Amino acid sequence: MEKGREERVAQSIVDETLEKYRRYLNPSWVKGFKLAGLDTVEAEAEGTIVRDVFGREYLDFSGGYSVFILGHRHPRVVEAARRELERMPMSVRMLPSDTLADLAECMAQATPGDLQHSFFCHSGAEAVEAAIKLARAATGKPEIISTVGAYHGKTLGALSASGRELYRTPFEPLVPGFVHVPYGDAEAVEKAITKRTAAVLLEPIQGENGVILPPDDYLPKVREICDRHGVLLILDEVQTGMGRTGKMFACEHSGVVPDMMTLAKGLGGGVAPVGAMVARPHVWRPFGQHPYLHSTTFGNRVGWAAAHATLRVLMEERLYERAAQLGPYLLQKLQAVREEHPDVITDVRGRGFLVGVEFTHGDVALLVMAGMASRRVLVVHTLNKPEVLRIVPPLIVTKEEIDRAVEAFWGAVEEAKGLLQEIAGELEKTD
Ligand code: PMP
């Protein structure tokens, strides 16, 4: 097809798609895509690159909200998924599945300590629901302590453990029995424990709250407090797990083994949605006694195989070490931009490839996100703190790609400042 015609065809795909989004999905998304300069249509992806219908290439540092830990279409994950697609994509569930058994064994080997039994599902929220229910069943107690600003998902139980009022208020009353304490404060956890406490539920780093790192001794202290009071510790590694922070799981930085761990996002290797709740044997008992006490219909063999391949690639190639090695490089380069522009960037922080850049205001973050998109680099805000952009490249990213992304970031920050000055100038004129 000649170029002009190709463009017209691509443009009509965009127009039709956005119109269908407006009519049949959510008109607010269309506004969001436009504001972010992303009113196009995704077409294909490979490695660190996403291509749109115009053939434009975007460097993906958004990771689809941290999903693409191995980049897009990692060959081993695709191959594992394809094998299942061609022989038996969904489990009949009436017969045992070696695909599921192999994944569960690998999960027990990959996770620290004696974390052993897994419940597999399709999202982070579902994994968290399973953990909340198991905590109640295993202890016979109703209360869960979680943290201010936490993000655990949007189903009612997970939402009850989460922190942002905007997402909570319209759905009240939420599930009773949830207490929120300040994040990073182990003493606050201890003070909140009562005779009715079943578990403490924490993210090792608060991802959606703007990449908040707790003090180094936080998790060990909370572990010790939980042990002393006979309370379970659930670590939500949905965002921090699968190598994102430089270790296979973020709790390994402090040598803490939780009683339950929740996983999703990167677990399916960016090829299939997979979530998991993994528990230690003594906690698992209620689910072990009644296999239908907590269950779901679908046996997603494609997802199971993808998750197994993802775990194996991560363990065999020790890809998480790339986040440990290159994460500080990324952080340092972003810090340099902050030093040049402290009037709009208030902080740069993170661990491994989970990095947050905090701006003075959510609107500045949005302008920078749009500026980066126009420079063909994708990043995304955090859900509980719109003024923080999250920068989450895949573990396979190269140093040159990091340089390219930071260059785009630098340009986008300067452009955003220029726009803000222009607006301020216009406002002055109208005064
Ligand atoms: N827990 C954490 C720590 C998360 O970051 C998220 C998603 N951002 C969830 C749970 C919920 O996952 P999902 O959106 O797949 O339900």
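Colleague: About how many helical turns separate arginine 223 and aspartate 227 in helix H10?

Modeller: Helices here are DSSP runs of H or I with at least four residues, strands are runs of E with at least two, and both are numbered from the N terminus. Because arginine 223 and aspartate 227 are 4 residues apart in helix H10, about one helical turn separates them. Their side chains meet in a salt bridge, with 2.8 Å from N to O, where the term stands for a side-chain nitrogen of Lys or Arg within 4 Å of a carboxyl oxygen of Asp or Glu. Please keep in mind that this is a predicted model, in which local features need pLDDT of at least 70 and side-chain atom pairs count only at pLDDT 80 or more, while totals for chains, interfaces and linings use all residues. Residues are numbered from 1 along each chain as its sequence is written, and side-chain values use heavy atoms, with hydrogens and water left out.

Colleague: Is arginine 223 buried or exposed, and which residues are linked with arginine 223 in a network of salt bridges?

Modeller: A residue is called buried under 20% relative accessible area, exposed over 50%, and partly exposed in between, using a 1.4 Å probe and protein chains only. Arginine 223 has a relative accessible area of 11%, so arginine 223 is buried. The network of salt bridges links Asp114, Arg223, Asp227, Asp259 and Arg280.

Colleague: How many salt bridges does the structure hold, and which residue forms one with glutamate 187?

Modeller: The structure holds 32 salt bridges. Glutamate 187 forms a salt bridge with lysine 221, and their closest N and O atoms are 3.9 Å apart. This pair links distant parts of the chain, since glutamate 187 is in helix H9 and lysine 221 in helix H10 (residues 218-229), 34 residues apart. Glutamate 187, at a relative accessible area of 45%, is partly exposed, and lysine 221 also counts as partly exposed, at 34% relative accessibility.

Modeller: Another salt bridge joins the side chains of lysine 417 and aspartate 343, with 3.0 Å from N to O. This pair, too, links distant parts of the chain, with lysine 417 in helix H15 (residues 399-430) and aspartate 343 in the loop between helix H13 (320-340) and strand S11 (345-351), 74 residues apart. Lysine 417 is buried, with a relative accessible area of 16%, whereas aspartate 343 counts as partly exposed at 45%.

Colleague: Which residues of helix H5 are buried, and where do they fall when seen down the axis?

Modeller: The buried residues of H5 are Thr99, Leu103, Cys106, Met107 and Ala110. Seen down the axis of H5, these residues fall within an arc of 105°, so they line one face of the helix; the arc is that of the directions from the helix axis to the C-beta atoms. Among the elements that cover them are helix H4 (75-87), strand S4 (117-121) and helix H12 (301-317).

Colleague: What is omega for the peptide bond that joins glutamate 172 and proline 173, and what is phi of lysine 265?

Modeller: Most residues other than glycine have a negative phi, and most peptide bonds are trans. The bond joining glutamate 172 and proline 173 is a cis peptide bond, with omega about 5°, and proline 173 lies in the loop between helix H8 (165-168) and S6. Lysine 265, in the loop between S9 and S10, has a positive phi near 35°. Arginine 93, in the loop between H4 and H5, has a positive phi of about 70° although it is not a glycine. Arginine 93 counts as partly exposed, at 39% relative accessibility.

Conventions
Contact = heavy atoms within 4.5 Å.
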